[in-house]
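Hello,

Here is the structure you asked about. My notes follow below it.

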Amino acid sequence: MAEVNTSTIEFSKELSSFIEKWKNKQGNLVMILHKVQGEFGYIPRNAAIKVSHMLDTPLAKIYGVITFYNFFKLEKPGEHNIQVCTGTACYLKGGVDLIDELEILLGIGVNTVTDDGLFSIESVRCIGCCGLAPVILIDGEVFGKLEKDQLPEIIAKFRDK
Amino acid sequence: MKTIEIKINGKPIQVEKGTTILKAALIDNVKIPTLCFHDDLDPWAACGICVCKIEGSPKMVRACATEAMEGQNYITHDPELMEIRRTVLEMTIANHPMECLTCGRNTTCELQDLAADFGIREIPYHEDITELDRDESTPSIILDPRKCVNCGRCTIVCQQLQNVWALEFLGRGHETRMAPAGGILLNESPCIKCGQCSAHCPVGAIYEKDETREFLDAVKDESKHVSVQIAPAVRVALGESFGMKPGSIVTGKIYAALRKLGADSVFDTNFAADLTIMEEGSELVDRIKNGGLLPQITSCCPAWTDYMEKYANDMIPHFSTAKSPMMMQGVMSKTYYADKIKVAPKDMYTVAIMPCTAKKYEITRDDNMWASGEQDMDLVLTTREFARLIKSSGIDFDTLEDEKADSPIGDYSGAGTIFGVTGGVMEAAVRTAYKLVTDKELEDVNIHAVRGMDGVRKGSVDFDGTEIKVAVAHGMVHVEEILNEVRVAKEKGEEPPYHFIEVMACRGGCIAGGGQPYGTTDEVRAQRIAGIYTDDEKSVVRKSHENPEIIQIYKDFLEKPMSHKSHELLHTTYKKRPQYTK
């Protein structure tokens, strides 16, 4: 792809060499986007543009993939991203009630970030521990069999971190 | 090709192996309803309306995307299938605003036709319409995602036929929408305004920007002299909007209709096509004779020019500096003609009837479009808008008596008219360049080497002993092949592979432009192309340099091709543009 009129973004050496290595292999796009999200926590537009140049792939195609998979984010998440499972088991056990409560506690909606940049709420598909439903995940830490009145304490714990 | 025997509703028929059920049924005159399918595109199987049964199988298949197999009996219609199709249709309509009366596709909508055929009277489902804003950012087309039925045609056209990738399927499932990369506007994307998305959309989700009222306002304004030109391709397609066959030549009726609509002067873009050939042909000869940069590439198609500036701007030095015929006609109207009839350029309002949505963009694309001192072209209406204007003005198009264009910038040669088809600009240029190079007249003006519908055509023309190598591409997806040959030769320091390259953005050329009447398929393209060549053949003058009005304008005004005045008025420049501005 030819030049695009936007500011450039620096990729770490590791990310750049990863992309270089996978550049011409089939099915590389999802893997590369995973790495990009790993580096930035989301996929900034100028990162998507840079990937488009490096892979010689239309930017539109990249956005097609990013928006197809729930996993990829286009907005920068909060410092502590609260992932609420809404897979079948968690959904039935009240996952959505947890989201509603979090929205009230934090004053934000799903896929938005608190003004201080500390928290964001994300609804995710099954994270694979249905026995613990309903489940939330913060910074990789799992909280299972949750009741909504446990949430203030959990939030307080991460606020102080 | 291997033939197989199948049955359609129990009736044995023979079809070529590889034929889909949909096409096989058509051979037996059985029409299976479709919504997402389009002859120009690979089947996408998005809508589900074409489901059929295979006798002996519990599975239903989509007729558009399933190959017919030897010995099978396909059931295309029965009460159960009709009920299923009705349900699919009802669910589609539940997601589609029922705003038919105010829709740009009222009476030309494929969903409306299906709803009419199926006698849909109410929708048993909860109405669920996407709430997304209309995108009116380009001067050419409007994208209304609320009306989208997610058939995917626009996006597939944009990617597979045009290689532009302005549109993509964003989101998934219920949230899927056709949009540019990442919530930006079409005008911030690489969109080249060719309008093929609008020509392929089955409903009113992408349509041309309607400017018919601007025309009426101009006519109403007594202080304005309204001067109208019509493009080559319009004359062989407009008739379709009035029930005529594709390819019917209605030039004389168009001139008559324009006068009835209030145009003060009626001209023909074909005249300016002849003028373009004089300039572009001379530029080519100059490049050939004086060691200029070759190949020269045509520049009349604004969607192609936009594409080149965004995707292939290393080709800028190869681009002919000649403006498009429309722009030449505009500037000649506001200078040469305005002066002749003693009208100030500012009091002249120029209108072009075009087969093209990109032409709406072209008229303000850069400062060179103000060469007369005023905006050279004030308004562009597509063939579709023009048809509506005629209908709403109470003109009975069929019974109009043929009229002639005005003089002195309305007469045209056969070379001018073939600008409307792929290969036509090349052929017209060869007819004149031959004379300029050899000082002899070409005996057979029919250059078959450059005609046809292959996406890329390469050939050579014998210029009295000198071989002139040419290439033609149409449909943007085919252009890279030729450009890469040029790039490779350049890198290796070899002779350029061609002297002259013609590119048109739309498949078939302007006759299948994004602003033409709906329903364009290769069959329709062939009929319109035949109409254009008939118009050429019945022309007394078939070479641009023999058009008496062209000879006159050089004598009276422009002096000679590539003169100082020509350069000022008829030539332009190009620049690199970013694919994305956001």
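**Strand pairing in chain B**

Strand 1 of chain B pairs with strand 5 (residues 73-75) of chain B in the parallel sense, over 2 bridges. Strands here are DSSP runs of E with at least two residues, helices are runs of H or I with at least four residues, and both are numbered from the N terminus. Two strands pair if DSSP finds at least two bridges between them. Within this pairing, Lys7(B) has Asn73(B) of strand 5 as its bridge partner.

The model is predicted: local features need pLDDT of at least 70 and side-chain atom pairs count only at pLDDT 80 or more, while totals for chains, interfaces and linings use all residues. Residues are numbered from 1 along each chain as its sequence is written, and chains are lettered from A and ligands numbered from 1 in the order in which they are written.

Strand 1 (residues 3-8) of chain B also runs antiparallel to strand 2 (residues 11-16) of chain B, joined by 6 bridges. Ile6(B) is paired there with Ile13(B) of strand 2. The hairpin of these strands has 2 residues between them, and Asn9(B) takes a positive phi near 50°.

**Domains of chain B**

Chain B is assigned domain 1 (3-77), domain 2 (97-208) and domain 3 (213-570); such bounds come from an automatic or database domain assignment. The centres of domain 1 and domain 2 of chain B, taken over C-alpha atoms, are 27 Å apart. In chain B, 9 residues of domain 1 are in contact with 14 residues of domain 2, where contact means that C-beta atoms, placed from the backbone, lie within 7 Å.

**Where the chains meet**

Between the chains, 17 residues of chain B are in contact with 16 residues of chain A. Strand 7 (168-170) and helix 9 (302-311) of chain B each supply at least two residues of the chain B side. Strand 7 of chain B gives the most to that side, with 3 residues.

**Chain A**

The assignment for chain A gives domain 1 (13-68) and domain 2 (80-159). Their centres, over C-alpha atoms, are separated by 28 Å.

In chain A, helix 1 (residues 13-22) packs against helix 2 (residues 28-40) at an angle of about 180°, with the axes 10 Å apart. Axes are lines fitted to C-alpha atoms, for helices over the stretch in contact, and angles run from 0 to 180 degrees between N-to-C directions. Helix 1 of chain A is therefore roughly antiparallel to helix 2 of chain A, the word for angles over 145 degrees. Among the residues making the contact are Phe18(A) of helix 1 and Ile32(A) of helix 2.

Regards

Terms used: Two residues are in contact if their C-beta atoms, placed from the backbone, lie within 7 Å. Angles under 35 degrees count as roughly parallel, over 145 as roughly antiparallel, 65 to 115 as roughly perpendicular and the rest as oblique.
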